[in-house]
Amino acid sequence: MDTAEQMENGKLLPLIFKLTVPAVIAQLITFLYNIVDRMFVAQIGESGMDALAALGIVLPITLIIQAFANLIGLGGSPRASIKLGEGDGAEADRIFNTSFVLLVAVGVTIGIITYFLAEHIVLLFGCPPSAVGFAVSYLRIYSLGTLFVLLAQGLNPFITAQGRSLTAMFSVLIGAVINIALDPLFIFVFKMGVVGASLATVISQFISFLWIMLFFFFGKSTFALRFKDMKPEWRRITGILSLGFSPFIMTLTECAIQIVFNVNLNLSTSGNKDYTAALTIMLSALQLISLPLNGLGYGLQPFVSYNYGKGNAERLKRGIKYLTLIAFCFAIVIWSVSLAVPEMYAYIFSASDEVRSIVKEYAPLFLMGSVMFFVQMTLQNVNVALGQAKSALILAVMRKVIILIPLCFALTHFMGFKGVYLSEGIADLVAGIITSIVIFTTFPKVFKKRELEVKEKLAEKVDR
């Protein structure tokens, strides 16, 4: 079967695994990609914990860049998939080319701003005084590769949208392997420290970008880069941005809450780097739980968008039901292990005894709500794939902006630094319950409405 036929008629469970397993692996590789710098810099002699704290400050800034990649890539790729499902390949191609132009423009702009304002940004984000030099050095090098980061992360969803999850996985894997190889070489052999970690990341993202471009130029891609299709059109741009706004906000609010965490910790502990380093480790643990669940949702997006375009409600229901069960089982297992032995994350980062004791005591509070990520991450991505821009945006804003940020300030005011760690767990539980109610009550209505729309369009064609 070709890709379109598999989406419409392929056996369901094998198709789900074919689409989601590479996407989950890609997210796990992304997790490794994200933490490998932290793992290595934590071992830089006496300054290891300062370097780890610095990368904890820089992390929200890299998430902002990721947010813009999601805004365009995860906004454009479902729109393109829906058009493929409707049989309009020409418009799908124009959406892809418009997304490419947007990624280039945003990448250049963010790179320039980040380079020249690096020191102001890290201070604004609550960097401990002893870690400022490390954070600025890392960020300035990273900013030089921002364009390639945007293009690599923003174009990869268009590979997944074609049902080529394995190719998309390899684009992430190539970068991760190169980053892992270059990190110890630059950091320890060439004695470049934090600068070496940043340089390794930029080079690895550039190689990922080259791999992706080779696929679009020489692979069997449904989409092709054409100058004539790059002409911007406001209707198309707003369509991409409106649907991408939910994953954009989801990622941006992750950044916002990390800034809030860092600022509150800095104030409540008088700039003690151990608490910031412990937070960096806990956030890494949170990523380990959330990223694979994100991968499940991302991987199934081509199936969801294509069958939504076709109006095939019954197939959508069955596919999403299977996905929900898989996501729930995964969330339960990794959540249970994380709460039972939270100190394992501290050992991964070769944390000092002081940092390890903080992680052991407070990580169970920090992670207690992450079991609800099977809805917050997986099914929220399905919601985006269904084209439900407004609903997806409201749910994305609710968890971090409406619940977590005010809760963090309130609990820190009354409980000190403990409130920072506790607020994440409470917010994830509450937001997960609300999101479950909304999604499980609205999905059947969305499926039914789309099925009726497609039937009406077919009836109109027959009448003509």
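## Contacts of S436

Two residues are in contact when heavy atoms of one lie within 4.5 Å of heavy atoms of the other. In this predicted model, S436 meets that criterion with M372 and V375, its neighbours within four places in sequence being left aside. S436 belongs to helix 17. Its relative accessible area is 12%, and because buried means under 20%, S436 is classed as buried.

## The largest pocket

The largest pocket has a volume of about 220 Å³. Its lining consists of G85, E86, G87, G309, K310, R450, V454, K457, L458 and K461. Helix 17 gives the most, with 5 residues.

By class, the lining of the largest pocket comprises 5 charged, 3 polar and 2 nonpolar residues.

## The second largest pocket

The second largest pocket has a volume of about 190 Å³. Its lining is made up of R79, I82, K83, E86, E91, I95, R235, R236, G239, I240 and G387. At least two residues of the lining come from each of helix 3 (48–85), helix 4 (89–116) and helix 10 (234–268). Helix 10 gives the most, with 4 residues. The lining of this pocket divides into 6 charged, 3 nonpolar and 2 polar residues.

E86 is listed in the lining of the largest pocket and also in that of the second largest pocket.

## Salt bridges within helices

The model holds 14 salt bridges. One of them joins E91, a lining residue of the second largest pocket, to R94, with the closest N and O atoms 3.1 Å apart. Both residues lie in helix 4, 3 residues apart, about one turn of the helix. E91 is buried, at 8% relative accessibility, whereas R94 is partly exposed, at 29%.

In helix 14 (residues 353–367), D353 and R356 are likewise 3 residues apart, about one turn of the helix. Their side chains form a salt bridge with an N to O distance of 2.9 Å. D353 is exposed, with 55% relative accessibility.

## A link between helices 16 and 17

R399 and E424 form a salt bridge whose closest N and O atoms are 3.4 Å apart. This pair links distant parts of the chain, with R399 in helix 16 (residues 389–415) and E424 in helix 17, 25 residues apart. R399 is buried, at 6% relative accessible area, and E424 is buried as well, at 0%.

Salt bridges with shared partners also join E91, R94, E233, R235 and R236 into one network. Among these residues, E91, R235 and R236 line the second largest pocket.

Definitions and conventions:
Residues are numbered from 1 along each chain as its sequence is written. This is a predicted model: local features need pLDDT of at least 70, side-chain atom pairs count only at pLDDT 80 or more; totals for chains, interfaces and linings use all residues. Side-chain values use heavy atoms; hydrogens and water are left out. On a 1 Å grid over the protein atoms alone, a cavity is a set of points where a 1.4 Å probe fits but cannot get out, and a pocket is an open set with protein on both sides within 12 Å along at least five of seven lines; lining residues have an atom within 4 Å of a point. Grid points are joined across faces, edges and corners, and a volume is the space filled by probe spheres set on the points. Ala, Val, Leu, Ile, Met, Phe, Trp, Tyr, Cys and Pro count as nonpolar, Asp, Glu, Lys and Arg as charged, and the others, Gly among them, as polar. Buried means under 20% relative accessible area, exposed over 50%, partly exposed in between (1.4 Å probe, protein chains only). A salt bridge is a side-chain nitrogen of Lys or Arg within 4 Å of a carboxyl oxygen of Asp or Glu.
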